[in-house]
Amino acid sequence: MQPAKILPKSAFPGWIDFLKRSYTVVGPKAMHGQTVFGEIETADDLTLEYNQSVIPPKKYLVPQREVLIEYKLDGTEVEAKFNEEATVVFGVHTCDLHAIKLLDLIFSKGFTDQHYAAHRDNTIIIGYECLTTCGPESFCRSMGTASAPESAYDLHIIDMGSDYFIQIGTERGEALFTGYDGVFTATEPDYARMNGTLSDKWQRFPYRLDVDVTEIPDLLAESYHSDHWQELADICLACGMCTQVCPTCYCFDIRDEVDVTLSVGKRVRSWDSCQIDSFALVAGGHNFRETRAARQRHRFMRKGKYQFDATGMVGCVGCGRCATACLVDITPIKTFNELYRRQQQQPEEVEA
Amino acid sequence: MTSLLDQTRFSESIYKPTMARIVDINDLTALDRLFTVELPDGVYLDHQPGQFVKVSVLGVGEAPISISSSPSRTRQTFELAIRKVGDLTGVLHDLQAGAMVGIRGPFGQGFPMDRFKGKNLLFIAGGCGIAPLRSLINQVLDDRGSYGHMQILYGSRSAADLMFKDELHEWENREDVELLLSMEKADIDWPACTTGYVTHLFPQIELDPRNTIAVIIGPPVMYKPTIAQVRNKGIIEGNIWLSFERRMKCGVGKCGHCQINHIYVCRQGPAFQYQHVKDLQEAM
Amino acid sequence: MKPKIAFFDFTSCEGCQLTVVDSLQTNVGLLDMVEIVQFREAMTEKGTDYQIAFVEGSCTRESDEDRLRAIREQADVVVALGACAHLGGINAIRNIYSIDEVRDEVYGDKGEWYETYQPRPIDAVIAVDAVIPGCPIDRDEFIAVVTQVLQGREPRIPDHPVCIECKLNETVCMYLRGEICLGPISRAGCGAICPKYGFGCVGCRGMISNPNLESMEEVLEQYGRTLEEARAKMSMFLTYQTLEEGES
Ligand SMILES: Cc1cc2nc3c(=O)[nH]c(=O)nc-3n(C[C@H](O)[C@H](O)[C@H](O)COP(=O)(O)OP(=O)(O)OC[C@H]3O[C@@H](n4cnc5c(N)ncnc54)[C@H](O)[C@@H]3O)c2cc1C
Ligand code: SF4
Ligand code: SF4
Ligand code: SF4
Ligand code: SF4
Ligand code: SF4
Ligand code: FES
């Protein structure tokens, strides 16, 4: 790893202006009491001390709607489309960095998804260390995601009061300072200050799960037949908000869109949700996950077990967005804790 | 020469189809048509029986369709048996020979022919399950010496719903194939046709359970009762193979639509060993 | 031969037809694909040899039924255009009163002179092949549906809640703003435009086919709202459906 940089806060706005010359810069912005990732013009637009953005920054890697191919209907031209906009995403929280690491694995495993890869290649990720936990719904400490994972960021920023300590993740991250002279190389006392800042933070981060993250895959496996799924289903609206806001949800639909003269068209990918009725519906009207209980179970199994089986990473990073979004208060903290409580109470109940 | 899979995988995008020409269309039943598709020059299909391709009509959409021709009879052209059930399949049925369709694939895991060699084979098809099974049957017939006894049980609603009638007659006439039909309405003059479901054929067959591989492909409702019959004959779980249909969008393990519990049907299936899926609640 | 299309209006505000006129401005290509033979908003001639019929407005009297049947007879494809045709819509609000009460209220002592009955969606009278929901319809959805009809396909509209689109907009939920919103039980496809501009959804695109109504009641309770308030919101577009539910 390259030695870290120190950026005085007074130099921060100038650095953003400097980046704006070569990149589209996006970051967390305050909007009606929420935080939303959007394009920023100056450093003033940024809200780095934010709770949790409504939609995670995954929207810059897997857009809500993305044209995959464009074609003429007669088949004479079929062209794949890729993102080419060089973007810097500022202020990505550590849980979201973990989520990006998971998306990297999913979209490269087996078949490489070149559209995701193009976004990743053109998108520079600048992480931002949380020094206080965001809201009562987040449980990053329990999930082990309150520190930055190494392979997901290009730069990672730690606020040290008067200046920023900036860890270098990649060469292209470091290159963001090339030609900018307001930044210094971190010295030993800077490292000591940084470590002090980090070790102070843990007391502000409570564990919110009763179960250890390493036990979650097994807990879910054993809870497959739990009655709890039906209890969740009774109140679930099947609205799909929990999956739309989740940084590790990536299920998608692909549809064709045609111009009205029936000459050209495009194949478009857009976010889908396993919580909506038609997700597993096939010809003949057979629906393989017809009940809301089956869908709630699938969602939590995916988060807690299936993605772990597939990638080695637990699919929930503890950001709490789904809990904030849900109108009926279905939350991963309550769900995991309740499943754990039942498992502890009657281990034989789940055997059946 | 490039295989279609390489073409799909290493072109700019895994979602970009290779345009192929429909060279022939034949009616199989009122709802099913057999499409012969020809890949562009220099591209060939290399597949296992049981694998599928994603077929698309530009401007309409894409659907997974099993390859119905056998690898032994497939190179630049291959066959798809398609039932008209909805949006895309409806448009496909309106196409004429000469029309272009997009093809990606072949995707998924087919049946491991090497493991079937030397064994007796019990093939069981319900309804349009015969389309993928035909790929397997013809592969065996073209390499008949490598396999043991072969029994085909095919359940259909009525004579009008039977697919591949010419081939059925051929199989019927072969010494080395035992073909039994069942029909809910047995309105056909056929040497071995039973009224009822495919499960009603089991009392009529004899087999050596230890050396027989059973392959079952049919509509969702068929699996449980049929597996029960196969198990009843003494065939062990490891020798029972199935193929599943699910909603599929990407075909390459990304979109999440095809999942049965943790399994991606498009990548780990559609052909499965019963042993590996029997405990998955969402499987059957 | 270009397919011939015709527009018909029944009881409605004609806002949806205006939206059609509007969408033609930005999609002039459509005029190369079809021949419009009847469209009161834009022309005076009336051709009767159409294949595709767009019907705006709800059926509000006996004689409407005959007109609808004649349209069904002629057209290969009948499309319900907008909430009035799709749901009965605003016209059906009065269905909570008896027909005599309505007559007295609207026409006073001349009530007997006017022909009217309980307003209903057109699919209560004739089979409908496709629906373009909304009050008014969405321009892009209109073009998309027409395109699919021209391709010989059966257009499909979403069947999941408005909330999903609302979240994509990153809008602050109306419930957090102290307002009622029918988003969790209403059909998406509008881009959750009402919450985006600060209004609770009133379900102008109809209800989803499998709403969790009990849970919806709990949401109302949790945010301190009553079922009556929600019913009042629902009456705007969903009176016909609510009454049908009640009877069955
Ligand atoms: C591995 C595999 C192999 C297959 N092999 C074959 C084969 O060899 N031959 C063959 O004919 N078929 C095969 N199929 C099935 C085939 O893929 C489907 O029939 C096809 O996808 C249907 O597409 P469609 O656009 O015509 O139907 P769709 O229009 O997608 O509709 C089909 C059904 O899906 C439901 N549906 C889908 N979307 C919606 C919506 N938005 N709203 C309401 N309902 C909806 C409806 O129930 C409808 O009847 C296979 C499937 C798989 C997974
Ligand atoms: S959940 Fe934890 S890591 Fe994520 S933003 Fe909140 S405090 Fe930071
Ligand atoms: S957000 Fe809540 S109500 Fe909506 S689908 Fe998710 S769990 Fe169900
Ligand atoms: S499941 Fe919920 S808490 Fe976990 S990562 Fe997704 S949105 Fe965050
Ligand atoms: S404002 Fe309405 S549509 Fe949006 S999330 Fe809230 S309830 Fe759903
Ligand atoms: S938010 Fe509701 S009322 Fe508004 S346009 Fe959409 S469906 Fe209609
Ligand atoms: S079809 Fe997309 S994951 Fe299997």
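This is a predicted model: local features need pLDDT of at least 70, side-chain atom pairs count only at pLDDT 80 or more; totals for chains, interfaces and linings use all residues.
**Chain A against chain B**

The contact between these two chains draws 47 residues from chain A and 38 residues from chain B. Together the two chains bury about 3,600 Å², and 55% of that area lies on carbon and sulfur atoms. On the chain A side, Phe111(A), Arg267(A) and Phe288(A) lose the most area to chain B, and together they account for 21% of what that side buries.

The rule finds three salt bridges across the interface of chain A and chain B. One of them joins the side chains of Arg289(A) and Glu282(B), with 3.0 Å from N to O.

Several elements of chain A each supply at least two residues to the side that touches chain B. The strands among them are strand 4 (65-72), strand 5 (78-80), strand 11 (252-258) and strand 12 (264-271) of chain A. The helices are helix 2 (94-108), helix 3 (114-122) and helix 10 (292-311) of chain A. Helix 10 of chain A gives the largest share, six residues. By residue type, the side of chain A that touches chain B divides into 24 nonpolar, ten polar and 13 charged residues.

**Chain C against chain A**

The contact between chain C and chain A takes 28 residues from chain C and 35 residues from chain A. The buried area is about 2,600 Å², with 64% of it from carbon and sulfur atoms. Lys167(C), Leu168(C) and Glu170(C) supply 27% of the area that chain C buries against chain A, more than any other three residues.

The rule finds one salt bridge across the interface of chain C and chain A. It also finds eight residue pairs in polar contact there, both residues at pLDDT 80 or more.

On chain C, the elements that give two or more residues to this side are helix 2 (30-33), helix 6, helix 7 (163-168) and helix 9 (213-222). The largest share, five residues, comes from helix 9 of chain C. The side of chain C that touches chain A is made up of 15 nonpolar, ten polar and three charged residues.

The two interfaces are listed below.

| Chains | Buried area | Carbon and sulfur share |
|---|---|---|
| Chain A and chain B | about 3,600 Å² | 55% |
| Chain C and chain A | about 2,600 Å² | 64% |

**The sheet in chain C**

Chain C holds an open sheet of five strands in the order 2-1-3-4-5, with parallel pairing. Strand 2 (35-38) and strand 5 (130-132) of chain C each have a single partner strand, so one side of each is left without a neighbour in the sheet. From one strand to the next, the twist averages 25°.

Within this sheet, strand 3 (residues 52-56) and strand 4 (residues 77-81) of chain C pair in the parallel sense over five bridges. Phe54(C) stands opposite Val79(C), which belongs to strand 4 of chain C.

Helix 6 (residues 139-150) of chain C lies across strand 1 (4-9), strand 3, strand 4 and strand 5 of chain C. Its direction is at about 150° to strand 3 of chain C. Helix 6 of chain C is also one of the elements that give two or more residues to the side touching chain A.

Notes: Residues are numbered from 1 along each chain as its sequence is written. Chains are lettered from A and ligands numbered from 1 in the order in which they are written. Side-chain values use heavy atoms; hydrogens and water are left out. Contact means heavy atoms within 4.5 Å. Buried area is the accessible area (1.4 Å probe) that two parts lose on being put together, summed over both. A salt bridge is a side-chain nitrogen of Lys or Arg within 4 Å of a carboxyl oxygen of Asp or Glu. Helices (H or I, at least four residues) and strands (E, at least two) are DSSP runs, numbered from the N terminus. Ala, Val, Leu, Ile, Met, Phe, Trp, Tyr, Cys and Pro count as nonpolar, Asp, Glu, Lys and Arg as charged, and the others, Gly among them, as polar. Two strands pair if DSSP finds at least two bridges between them. Axes are lines fitted to C-alpha atoms, for helices over the stretch in contact, and angles run from 0 to 180 degrees between N-to-C directions. A polar contact is a pair of N or O atoms within 3.5 Å; within protein, one must be able to donate a hydrogen and the other to accept it, and residues adjacent in sequence count only if both atoms are side-chain atoms.
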